[in-house]
Amino acid sequence: MPIIAPSLLASNFLQLASECDMLNKSAADWFHLDVMDGSFVPNISFGLPVIEQLRTATTKVCDVHLMIEHPEQYAEAFKKAGADILTVHYEACTHLHRNLQQIKSLGMKRGVALNPHTPVHLLADIIQDIDLVCIMSVNPGFGGQSFIPQTLEKIRTLKQLIIKHGANTLIEIDGGVTLENAKSILDAGADVLVAGNTVFKSADPIATIAALKAL
Ligand code: DX5
Ligand code: ZN
C-alpha cells in the first residue's frame, strides 16, 4: 500500500483546523508541508509558526519539504516546530552529507529532494544515509502543475540504485499526482505519493485519499 501525503499548499488556509480534522479522519499517512523562501524557489508559502500550530491539530506524520537556501540554519527550529521528516534540496546543499547528519542527530528522518533536471545517480554515494528521496515531478514552487513524464524513468533508475546498495530509502513523488497517473507512478517503484490539488480540490477529499491509498 502506498503512503499518501496530502500537501497543505492546496488547502483552504482560512480553514486550517477543519482541513486538519478532515485529514485526521482520512486514510492519509503523512501531512506534506511545503516551505518556500522566495529565493530557492520563486514563491513564498508558510513557515515555522504555522507548522508549530498545525502540529497540535494533526495526528499525521509531519513531512516537511524545505524549498529554502541554507536549510542547516533552520533544521533545529523545524524539529522544535514538530517536523518528523525533514527534506532538503540537493541543489541547495553544498554539504549535503553534513546536512543529513544534522537532521539525523536532531531525531528526524532525512529526506533529499531532486529538481526535475537533477539525475538520481548523484545520490549513489550517500543513498544509505537517506531515508527518503523526493523526486520532484514538477518544478518546485507551485501546486497545480502537470506531471513531467520523464519522472517515471527516474523512479525506475532510483529504485535500482536503492536495491543495488541495499538501502531502505523510500521514494516520494511530488507534483502533479492525479488519480489517473498514480498507478503508473507506483508501478515504476514509488512508495509515497504527495497530492495537493488532487486531494484538497476534489469534491470528497476523504474519498480521494482512500482511492489513492487503495491503488
Ligand atoms: C511544489 C510542492 C508540492 C505541491 C504539489 O513545489 O513541493 O508539494 O504542493 O501540489 P500538486 O499535487 O497540486 O501538484
Ligand atoms: Zn512538496
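This is a predicted model: local features need pLDDT of at least 70, side-chain atom pairs count only at pLDDT 80 or more; totals for chains, interfaces and linings use all residues.
Guide: Residues are numbered from 1 along each chain as its sequence is written, chains are lettered from A and ligands numbered from 1 in the order written, and side-chain values use heavy atoms, without hydrogens and water.

Visitor: Why is asparagine 99 called buried?

Guide: Buried means under 20% relative accessible area, exposed over 50%, and partly exposed in between, with a 1.4 Å probe and protein chains only. Asparagine 99 has 6% relative accessibility, so it counts as buried. Its place is in helix H4 (residues 96–105); helices (H or I, at least four residues) and strands (E, at least two) are DSSP runs numbered from the N terminus.

Visitor: Which residues does asparagine 99 touch, beyond those up to four places away in sequence?

Guide: Asparagine 99 touches Glu72 and Cys93, where contact means heavy atoms within 4.5 Å.

Visitor: What makes the site of the zinc ion (ligand 2) octahedral?

Guide: Six donors count as octahedral if opposite donors are over 155 degrees apart and all others between 65 and 115; four count as square planar on those terms, or as tetrahedral if all angles lie between 85 and 135 degrees, and anything else is irregular. The zinc ion (ligand 2) has six donor atoms with angles of 69 to 169°, and its site is octahedral.

Visitor: Which residues coordinate the zinc ion (ligand 2)?

Guide: His32 (NE2), Asp34 (OD), His65 (ND1) and Asp174 (OD) do, at 2.0 to 2.3 Å. Donors are N, O and S atoms within 2.8 Å of the metal (3.2 Å for Na, K and Ca); water is not among the atoms, so sites may look incomplete. Aspartate 34 lies in strand E2 and aspartate 174 in strand E7 (residues 170–174), so the pair ties together parts 140 residues apart in sequence.

Visitor: Why is strand E2 (residues 30–36) called largely enclosed?

Guide: Seven of its seven residues are buried, so the rest of the structure largely encloses strand E2. Trp30, His32, Asp34 and Met36 are buried on one side, and Phe31, Leu33 and Val35 on the other.

Visitor: How do you know that E2 and strand E3 (residues 61–67) pair?

Guide: Pairing requires at least two DSSP bridges between two strands. E2 and E3 have seven, in the parallel sense, and tryptophan 30 stands opposite valine 61 in E3.
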